[in-house]
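Keep the structure open as you read.

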Amino acid sequence: MTNSKDSTQGVIHTNTYAHLWHAAKSVLAVGQAVPAGSTWQFLSSILLTSFAFEAYLNHIGNVIYGKGEWGHLHGRKSPIEKLEVIYGKLDIQVHTKQGLEAFQTLIKLYNFRNNIAHVNTAYRKEESSSNIDPPSFVQFLVGDVPEEQWEALTSDDKFAKKVLRDMESVVKLIHKTSGDSSPSMSMPSANN
């Protein structure tokens, strides 16, 4: 029997960005291990990375500015605009090739995410012939339609690995510069 005087109460600290980051790495690993259907794993990894990075920007924005001020001033900005505000506040200037490349990857990542969110259904004309076997249901849905921009980036793991690697370098720079002491800020390497 537990005595109520012996119980303790505390605050559970959950960094959502860390969970999203782990999920992005996990689905990427599955896509690399199981080639059949890997496009969907790569797509998921890329989208989860974009969510993780934006969640991290909101986390670190609250650390730097304070919860009320960050949300009020910058809550509606795009992830790129949020990053620029954070870089400005921390006086981070990107002059290295790696830093500039990571920033370009960020732009490509959020263009990708926005393209996915706002994409229109693609149509194509097809001539039919009675002597051609009908396509499978999956081919019917995603078969030989004109390739969308996002499809080209999910056909292999290259872009998914790049966004994880580049976002990790940006997060490490911000984290080090900000002095944030979050215990869960241990994003493992994207190469693992």
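This is a predicted model: local features need pLDDT of at least 70, side-chain atom pairs count only at pLDDT 80 or more; totals for chains, interfaces and linings use all residues.

From α1 come Y17, L20, W21, A23, A24, V27, L28, V30, G31 and Q32. From α2 come S38, Q41, F42, S44, S45, L48, T49, F51, A52, A55, Y56 and H59. Sorted by class, the residues of this contact comprise 14 nonpolar and eight polar, with no charged ones.

Now the geometry. Two packed helices are described by the angle between their axes and the distance between the axes. Helix α1 covers residues 16–33, and helix α2 covers residues 38–65. Their packing angle is about 165 degrees, and their axes lie 8 Å apart. Angles over 145 degrees count as roughly antiparallel. The two helices, α1 and α2, are therefore roughly antiparallel to each other. The crossing of α1 past α2 is left-handed.

Step back to the whole chain. Its secondary structure amounts to eight helices and zero strands. Along the sequence the pattern reads α-α-α-α-α-α-α-α. The chain has 192 residues, and 35% of them count as buried. Consider the contacts with a separation of 6 or more: 75% of these join residues 24 or more positions apart.

Next, α4. This helix runs over residues 79–90 and has 12 residues. From its first C-alpha to its last, α4 reaches 16 Å, close to the 16 Å expected at 1.5 Å a residue. Its buried residues are P79, I80, K82, L83, V85, I86, Y87 and L90.

What happens to phi just after α4? There D91 takes a positive phi of about 55 degrees. Most residues other than glycine have a negative phi. D91 is a residue other than glycine, yet its value is positive. The residue sits in the loop between α4 and α5, where α5 spans 97–118. Is D91 buried or exposed? Its relative accessible area is 59%, so D91 is exposed, the cut-off for exposed being over 50%.

Follow α4 to its contact with α8. These two helices pack at an angle of about 35 degrees, with axes 10 Å apart. Their crossing is left-handed. On the α4 side, L83, I86, Y87 and L90 make the contact. On the α8 side, the residues are V170, L173, I174, T177 and S178. By class, this contact of α4 with α8 holds seven nonpolar residues, two polar and no charged.

Helix α8 itself has 21 residues. Its reach from first C-alpha to last is 30 Å, close to the 30 Å expected at 1.5 Å a residue. Buried in α8 are F159, A160, V163, L164, D166, M167, E168, V170, V171, I174 and H175. That list includes D166 and E168. Just after α8, G179 takes a positive phi of about 75 degrees.

One last stop is T154, in the loop between α7 (149–153) and α8 (158–178). Its relative accessibility is 0%, so T154 counts as buried. Which residues does T154 touch, leaving aside neighbours within four places in sequence? The contacts are T39, F42, L43, I46 and F112. One of them, F42, also belongs to the α2 side of the contact with α1.

Conventions. Residues are numbered from 1 along each chain as its sequence is written. Side-chain values use heavy atoms; hydrogens and water are left out. Axes are lines fitted to C-alpha atoms, for helices over the stretch in contact, and angles run from 0 to 180 degrees between N-to-C directions. Helices (H or I, at least four residues) and strands (E, at least two) are DSSP runs, numbered from the N terminus. Angles under 35 degrees count as roughly parallel, over 145 as roughly antiparallel, 65 to 115 as roughly perpendicular and the rest as oblique. A crossing is left-handed if the near helix is turned anticlockwise from the far one by less than a right angle, and right-handed if clockwise. Contact means heavy atoms within 4.5 Å. Ala, Val, Leu, Ile, Met, Phe, Trp, Tyr, Cys and Pro count as nonpolar, Asp, Glu, Lys and Arg as charged, and the others, Gly among them, as polar. The expected span of a helix is 1.5 Å times one less than its number of residues. Buried means under 20% relative accessible area, exposed over 50%, partly exposed in between (1.4 Å probe, protein chains only).
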